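Hi everyone, and thanks for coming. Let me walk you through the structure on the screen, taking a few places one at a time.

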Amino acid sequence: MSKDFEQQLRDALRPVEPEDGFEQRVMARITSEQTRARSKVTRWVSVALAASVVFAAILGTHEWQVRREQEGLEARKQLIEALRLTGEKLDVAYQAVNREPQPPPDNESGA
Amino acid sequence: MKASDTWSADELLTRARAGESSAFAALVRRYQRAVYSIALRMLNDRHRAEDLAQEVFLQLHRALDGIESDTHLAFWLRKVAMNRAIDRMRQESRHGAEPLTEAEAAVDETAEDDPLLKRRIEELLAQLPPAARAVVVLRYQEDLDPLDIASTLDMPINTVKSHLKRSLTQLRARVQGTAIVEDIR
């Protein structure tokens, strides 16, 4: 009886074929999945490209600002230096103008 | 019959791995019966079985590089089909038992088969818990021995044997019970 029943089970569970066109439906799903994967990659590349452009723009702006600040600082230093030199020259001129006149050298002394 | 159907599974695998879609299609043709039957017997619904079988082949297409031989391929397909079916059954278990009508219509019936008995066995099989059902399907549909079933389902061999013994006892008792009731009528 046991052997009979096991054989009955085998008969009842005989493998069956899927409906016609199964293979074509699988291949169609693979193609659609590949297309979706490709468009996903394209989307990611576009997003990455856009992000790179934005990043480059931010970096460029930052660089430009840093360079401008450096140029400003340099100009400030040069201005301070120029003012210092001018001040020194003015001091010299002022001292020259305000210096007390020296008595003329005495030629007869000690004669 | 296509030329690719005469190639060996190893040759088909090599060609499919190289991106030859006709080779992959031939692999699908060669194994669709086994994969679909597992899905059908586990889910008891033709549409869901077809969907699951398609997903198994999609997964195979992504995993081709990891398949080493035709033996490995057959093992891999059974394992993935079973795991996916069991996962789906567990997810859907709260919805109750699945209808049987569609599965019944898909069964090949020959003159010497008893369609009523087949129908009854499928009904009773659908009432078994997922793991027990998987063991019975692999044993009597795929003709695997308990060791191969244990390996396919990642289950201890003693658990496989106890599932088999218990399921057979239950199925036999219920089938005989049905026969007795029918005889009385």
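Let's begin with the charges: between chain A and chain B the count is seven salt bridges. Please keep in mind that this is a predicted model. One salt bridge to look for joins the side chains of A:Arg25 and B:Glu50, with 2.5 Å from N to O.

Which elements of chain A give two or more residues to the side that touches chain B? They are helix H1 (2-12) and helix H2 (22-98) of chain A. The largest share of that side comes from H2(A), with nine residues.

Now for the extent of the contact. Chain A brings 25 residues to it, and chain B brings 43 residues. About 3,400 Å² is the area buried between the two chains, and carbon and sulfur atoms give 60% of that. On the chain A side, the residues that lose the most area to chain B are A:Leu13, A:Val16 and A:Arg29, which together make up 21% of what that side buries.

You will find B:Gln141 in the loop between helix H7 (130-140) and helix H8 (146-153) of chain B. Is B:Gln141 buried or exposed? Its relative accessibility is 7%, so B:Gln141 counts as buried, the limit being under 20%. Leaving out residues up to four places away in sequence, B:Gln141 touches A:Leu13 and A:Pro15 from chain A, and from chain B it touches B:Ala34, B:Ser37, B:Ile38, B:Arg41 and B:Val136. The side chain of B:Gln141 also makes a polar contact, at 3.2 Å, with the side chain of B:Glu142.

Have a look at B:Phe57, which, not counting residues up to four places away in sequence, touches A:Phe22 and A:Val26 in chain A. Its contacts within chain B include B:Phe24, B:Leu27, B:Tyr31 and B:Leu77.

One is B:His61, in helix H3 of chain B. B:His61 has a relative accessible area of 25%, so it is partly exposed. Beyond four places in sequence, B:His61 touches A:Ile30, A:Gln34 and B:Phe24. B:His61 and B:Gly19 are 42 residues apart in sequence, with 9.7 Å between their C-alpha atoms.

The other stop is B:Leu64, in the loop between helix H3 (46-63) and helix H4 (70-92) of chain B. B:Leu64 counts as buried because its relative accessibility is 5%. What does B:Leu64 contact, leaving aside neighbours within four places in sequence? The answer is B:Leu13, B:Ala16, B:Arg17, B:Phe24 and B:Leu27. As for B:Phe24, it lies 40 residues from B:Leu64 along the chain, and their C-alpha atoms are separated by 9.5 Å.

Technical notes:
Residues numbered from 1 in each chain as written. Chains lettered and ligands numbered in written order. Predicted model: local features only at pLDDT ≥ 70, side-chain atom pairs only at ≥ 80, totals over all residues. Heavy atoms only, no water. Helix = DSSP H or I, 4+ residues; strand = E, 2+ residues; numbered from the N terminus. Buried < 20%, exposed > 50% of the residue type's maximum accessible area, 1.4 Å probe, protein only. Contact = heavy atoms within 4.5 Å. Buried area = accessible area lost by both parts, 1.4 Å probe. Salt bridge = Lys/Arg side-chain N within 4 Å of Asp/Glu carboxyl O. Polar contact = N/O pair within 3.5 Å; in protein donor to acceptor, adjacent residues only side chain to side chain.
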